[in-house]
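Hi,

Here is the structure I said I'd pass on.

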Amino acid sequence: MQLGINLGYWGAGMDGDNLAVAQEADRLGYAVCWAAEAYGSDAATVLTWVAAQTERIDVGSAIFQIPARQPAMTAMTAATLDSLSGGRFRLGLGVSGPQVSEGWYGVKFDKPLSRTREYVEIVRKAMTRERLSYEGEHWTLPLPDGPGKPIKLTVHPEREHIPLYIAAIGPKNLEQTGEIADGALLIFPSAEHLEDTAIRHLRAGREKAGRTLEGFDVCPTLPLALGEDKDVERLADTFRPYTALYVGGMGSRKQNFYNQLAQRMGYEAAAADIQDKYLSGDKQGAAAAVPHELIDRTTLLGSVERIADRMKAYAAAGVTTLTLAPAGFALEERLASLRAGVQAAELAGLA
């Protein structure tokens with residue numbers, strides 16, 4: 001099992017710190033550094049900045065939002081980043097959510113599965129550097145009855161095949177991801193529930209494509225807070241607002257994928273309570289309603305030894321790249337967590 005680092009969103013006064021984190025992860029031998037985007041910093045610029053100032057670590061988008069870019073633009077960006085980084089780019093894609101897709105990009109959040117499938121097909125076709133033509137439900141290239149003509153990409157990626165990941169939560173999306181992608185980006189993963197909530201759906205998709213999970217990258221992100229085991233409850237409290245935001249406030253009442261995931265993990269009553277409180281404006285009450293067990297099972301908390309035990313559980317559950325999101329606003333805290341991640345992996349016999 002490899003280790004990755006997720007920088008999250010650039011900004012909030014932590015820009016220089018984020019670069020230092022990426023460089024330390026590079027020095028420590030982390031496999032990949034991911035950058036996110038929502039409606040602030042864009043991931044492509046951040047990854048270019050990081051790639052230019054690191055040597056070995058892969059740089060990955062987690063995620064490029066599908067409603068933000070035409071697929072041919074994403075192919076151009078992926079090919080350029082792979083070329084500039086010397087073959088270190090990983091392309092992560094996702095449909096985002098209805099609030100961002102429709103509120104920020106003005107793109108209707110409908111038929112996300114078929115939209116994702118077509119998008120991936122176009123991106124992959126464009127990166128083969130063949131002349132691009134495509135007929136689908138969502139995209140037709142070139143447009144009919146006009147001056148457009150099939151064009152081919154002029155940039156040469158470093159590699160023939162750039163690894164493509166999809167951020168997936170729901171069962172149907174997970175199955176399609178197994179079928180059409182090289183890896184899955186997961187959030188709120190519990191080692192105890194991973195087989196039922198993710199792996200079996202990914203496996204079904206791989207089987208549909210005539211493949212197995214061999215070589216497929218199962219890549220969840222886990223927040224990490226380093227400390228003494230006697231302080232685990234206090235460490236878990238650090239992530240209460242984060243968990244409440246996703247389970248309670250991310251998306252609408254009817255369309256919150258994270259809330260649905262919590263329900264599938266067995267927290268139906270708690271998920272409903274968190275959402276009710278969050279959507280009524282009681283964010284503090286929503287955070288207090290998050291069960292400690294839910295946080296503990298979806299984060300890495302405590303000593304290096306305790307984190308090592310959890311890493312073993314994730315490896316046994318089928319995780320192939322474990323991405324860490326260290327807690328803390330102080331740079332030294334985040335760097336200490338990075339080093340602890342390596343120590344834990346070595347102690348677990350995974351490094």
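First, the ground rules. This is a predicted model, so local features are only given at pLDDT of at least 70 and side-chain atom pairs only at pLDDT 80 or more, while totals for chains, interfaces and linings use all residues. Residues are numbered from 1 along each chain as its sequence is written, and side-chain values use heavy atoms, with hydrogens and water left out.

**Strand β12**

Helices (H or I, at least four residues) and strands (E, at least two) are DSSP runs, numbered from the N terminus. Strand β12 covers residues 321-326, and five of its six residues are buried, so the rest of the structure largely encloses it. Buried here means under 20% relative accessible area, exposed means over 50%, and partly exposed is in between (1.4 Å probe, protein chains only).

β12 has pairing partners too, where a pair needs at least two DSSP bridges between the strands. β1 (residues 2-6) runs parallel to β12 and is joined to it by four bridges. β10 (residues 217-226) is also parallel to β12, again with four bridges.

**Helix α6**

Helix α6 (residues 171-180) is another enclosed element: seven of its 10 residues are buried, so the rest of the structure largely surrounds it. The buried ones are N173, L174, Q176, T177, G178, E179 and I180. What do they pack against? The neighbours are α5 (112-127), β8 (164-167), β9 (183-187) and α7 (194-208), with contact meaning heavy atoms within 4.5 Å.

**Two helix pairs**

For the angles, axes are lines fitted to C-alpha atoms, for helices over the stretch in contact, and the angles run from 0 to 180 degrees between N-to-C directions. Under 35 degrees counts as roughly parallel, over 145 as roughly antiparallel, 65 to 115 as roughly perpendicular, and the rest as oblique. A crossing is right-handed if the near helix is turned clockwise from the far one by less than a right angle, and left-handed if anticlockwise.

Helix α10 (residues 257-264) packs on α11 at about 155°, with the axes 7 Å apart. The two are therefore roughly antiparallel, and their crossing is right-handed. On the α10 side the contact uses N259, A262 and Q263, and on the α11 side E268, A271, A272 and Q275. That makes three nonpolar residues, three polar and one charged. (Ala, Val, Leu, Ile, Met, Phe, Trp, Tyr, Cys and Pro count as nonpolar, Asp, Glu, Lys and Arg as charged, and the others, Gly among them, as polar.)

The other pair is α14 (residues 304-317) with α15 (residues 331-347), at an angle of about 60° and with axes 8 Å apart. That angle makes α14 oblique to α15. This crossing is right-handed. V304, E305, I307, A308 and M311 of α14 meet A340, G341, Q343, A344, A345 and L347 of α15, which divide into eight nonpolar, two polar and one charged.

**Single residues**

V232 sits in helix α8 (residues 232-237) and is buried, at 7% relative accessible area. Leaving out residues up to four places away in sequence, V232 touches H292, D296, L301, G302 and R306. V232 and I295 are 63 residues apart in sequence and 10 Å apart in space, C-alpha to C-alpha.

G281 lies in the loop between α11 (268-279) and α12 (283-289). Is G281 buried or exposed? Its relative accessibility is 55%, so it counts as exposed.

Most residues other than glycine have a negative phi, and most peptide bonds are trans. Here are the exceptions I'd look up:

- A62 and I63 are joined by a cis peptide bond, omega about 15°; I63 is in the loop between β3 (58-61) and β4 (64-65).
- L141 to P142 is cis as well, with omega near -10°; P142 is in the loop between β7 (140-141) and β8.
- K111 has a positive phi near 50°. K111 is in the loop between α4 (98-103) and α5 and is partly exposed at 49%.
- F188 has a positive phi of about 55°. F188 is in the loop between β9 and α7 and is buried at 7%.

Cheers
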